[in-house]
Amino acid sequence: MADLALLPLTVDCETGRQAWGTTFRLAERHRLNLYDAEYLELALRLGLPLASLDDELRDAAQAKGVFVLGR
């Protein structure tokens, strides 16, 4: 927990506004649960890479042009 406290964490207020629009459509289109689709939506909106070991989420991210870390 001490290491986590050192990270520059922020809350993204836009995520909740995207939940039943963009995020829901991503979940439907890529057969993701909403939890995973939120990560994809955030990566897309902020132009950030995605780190995940979940194959479906990794495949969806790559299909949308998101850089996927690892493996």
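## Exercises: helix packing and a pocket

Helices α3 (residues 34-46) and α4 (residues 55-63) cross at roughly 30 degrees, and their axes come within 10 Å. The model is predicted: local features need pLDDT of at least 70, side-chain atom pairs count only at pLDDT 80 or more, and totals for chains, interfaces and linings use all residues. Residues are numbered from 1 along each chain as its sequence is written, and side-chain values use heavy atoms, without hydrogens and water.

**Exercise 1.** Classify the packing of α3 and α4.

Solution. 
- Angles run from 0 to 180 degrees between N-to-C directions, with axes fitted to C-alpha atoms, for helices over the stretch in contact.
- Under 35 degrees counts as roughly parallel, over 145 as roughly antiparallel, 65 to 115 as roughly perpendicular, the rest as oblique.
- α3 and α4 are therefore roughly parallel.
- Asp36, Tyr39 and Leu40 of α3 meet Leu57, Ala60 and Ala61 of α4 (contact: heavy atoms within 4.5 Å).
- That contact has five nonpolar, no polar and one charged residues.

**Exercise 2.** Describe the largest pocket: its volume, its lining and its main contributor.

Solution. 
- A pocket is an open set of points on a 1 Å grid, for a 1.4 Å probe, with protein on both sides within 12 Å along at least five of seven lines; lining residues have an atom within 4 Å of a point.
- The largest pocket holds about 200 Å³ of space.
- Its lining is Tyr39, Leu42, Ala43, Leu48, Pro49, Leu50, Ala51, Ser52 and Leu57.
- α3 and β1 (50-51) are the elements that give two or more residues. α3 gives the most, with three.
- The lining has eight nonpolar, one polar and no charged residues.

Notes: Helices (H or I, at least four residues) and strands (E, at least two) are DSSP runs, numbered from the N terminus. Ala, Val, Leu, Ile, Met, Phe, Trp, Tyr, Cys and Pro count as nonpolar, Asp, Glu, Lys and Arg as charged, and the others, Gly among them, as polar. Grid points are joined across faces, edges and corners, and a volume is the space filled by probe spheres set on the points.
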